[in-house]
Amino acid sequence: MGVKPIYELFIDARGCYFELLVNDIPFYFHYKVGATSFRLPVNNFIPKSGQQNISLKMLSVNEGQEFPVGAEVILKIEEFEKNTPKERKAVMDYKTPDLKTHTTGVFTDKKIFNADVPYTLSYVDSVDLERIDRAVLRETLEKEYIKYTEAFKNNDLSAYQKLTSERQENIFTSLYVDSERRKKQEASYLSGVTHNLVKLHPLKTYQLVFYNNNKFVGLQMPNEAPGIYIDNEKEEDAFIEYILFHKKTAGSPISIVL
């Protein structure tokens, strides 16, 4: 293990829609026509050292029909020491198989890789949320989403920091962000937002969803990652804020963890 290992996921996909989960936590949902290719670190989806899993759900762009010729998803996990990205090693290398037999236009697969990290993230301690009455849970979440939106609308950095402190601490810890860099990032949390246009779109259009073996909960629109559109009066101009909640113990309050 390096001192500050970064685990980076490379995604290259074409001819399909797809959903990607890391350790049963939504990582990336692609529901746009066209190819996509990028790299992103997955450290904050790795709660501690050991075996990790990646789940892929691949969907035909024409629902219920077979995949077009050339449709594929390539996934690679590479490890490198922070600040030395050129010195990397492959941890996982995956390419979807021949999809001719998947005539319904749906293909799923799961792969594993091992990670050795020098941290343990807060959500290792999380309780099963399905035991909570769903109506009560949804009401609690909606109140938290309203608080979150109001922090943006009022440009209230203090309120935003309070709501997201656990999530941000996990990100800072997993990506080895030093104190000076933390302060700069914290100061810019609400920058780039047209605050007077911030609007919470109707929550009735969202469904309650569970992830991480029912230890994470959130509200989610179909074909989107869990989170809410809050930035603009016009939904087509709004961005989505990725938000998932957990509870450390049965008696602890619900909190934003990712």
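## Elements and model

Helices and strands here are DSSP runs, numbered from the N terminus; a helix has at least four residues and a strand at least two. The model is predicted.

## The largest pocket

Three such elements each give at least two residues to the lining of the largest pocket: strand S4 (36-41), H2 and strand S12 (240-242). H2 supplies the largest share, four residues.

The largest pocket holds about 520 Å³ of space. Its lining counts 17 residues. Asn44, Phe45, Arg167, Ile171 and Tyr242 lie nearest the centre. By class, 12 lining residues are nonpolar, three are polar and two are charged.

## H1 against H2

Two packed helices are described by the angle between their axes and the distance between the axes. For helix H1 (residues 134-153) and H2, the angle is about 125 degrees and the axes are 8 Å apart. Angles over 145 degrees count as roughly antiparallel, and 65 to 115 as roughly perpendicular. H1 and H2 are therefore oblique to each other. The crossing of H1 past H2 is left-handed.

On the H1 side, the contact uses Glu144, Lys147, Tyr148, Ala151 and Phe152. H2 answers with Ala159, Tyr160, Leu163, Thr164 and Arg167. Six residues of this H1 and H2 contact are nonpolar, one is polar and three are charged. Arg167 of H2 belongs to this contact, and Arg167 is also among the residues nearest the centre of the largest pocket.

## H2 against H3

H2 (residues 157-174) also meets helix H3 (residues 179-187). Their axes come within 11 Å and cross at roughly 140 degrees. H2 and H3 are therefore oblique to each other. H2 passes H3 in a right-handed crossing.

From H2, the residues involved are Leu157, Gln161, Glu169, Phe172 and Thr173. From H3, they are Arg182, Gln185, Glu186 and Ala187. This contact of H2 with H3 divides into three nonpolar, three polar and three charged residues.

## H2 in summary

Terms used. Residues are numbered from 1 along each chain as its sequence is written. This is a predicted model: local features need pLDDT of at least 70, side-chain atom pairs count only at pLDDT 80 or more; totals for chains, interfaces and linings use all residues. Side-chain values use heavy atoms; hydrogens and water are left out. Axes are lines fitted to C-alpha atoms, for helices over the stretch in contact, and angles run from 0 to 180 degrees between N-to-C directions. Angles under 35 degrees count as roughly parallel, over 145 as roughly antiparallel, 65 to 115 as roughly perpendicular and the rest as oblique. A crossing is left-handed if the near helix is turned anticlockwise from the far one by less than a right angle, and right-handed if clockwise. Contact means heavy atoms within 4.5 Å. Ala, Val, Leu, Ile, Met, Phe, Trp, Tyr, Cys and Pro count as nonpolar, Asp, Glu, Lys and Arg as charged, and the others, Gly among them, as polar. On a 1 Å grid over the protein atoms alone, a cavity is a set of points where a 1.4 Å probe fits but cannot get out, and a pocket is an open set with protein on both sides within 12 Å along at least five of seven lines; lining residues have an atom within 4 Å of a point. Grid points are joined across faces, edges and corners, and a volume is the space filled by probe spheres set on the points.
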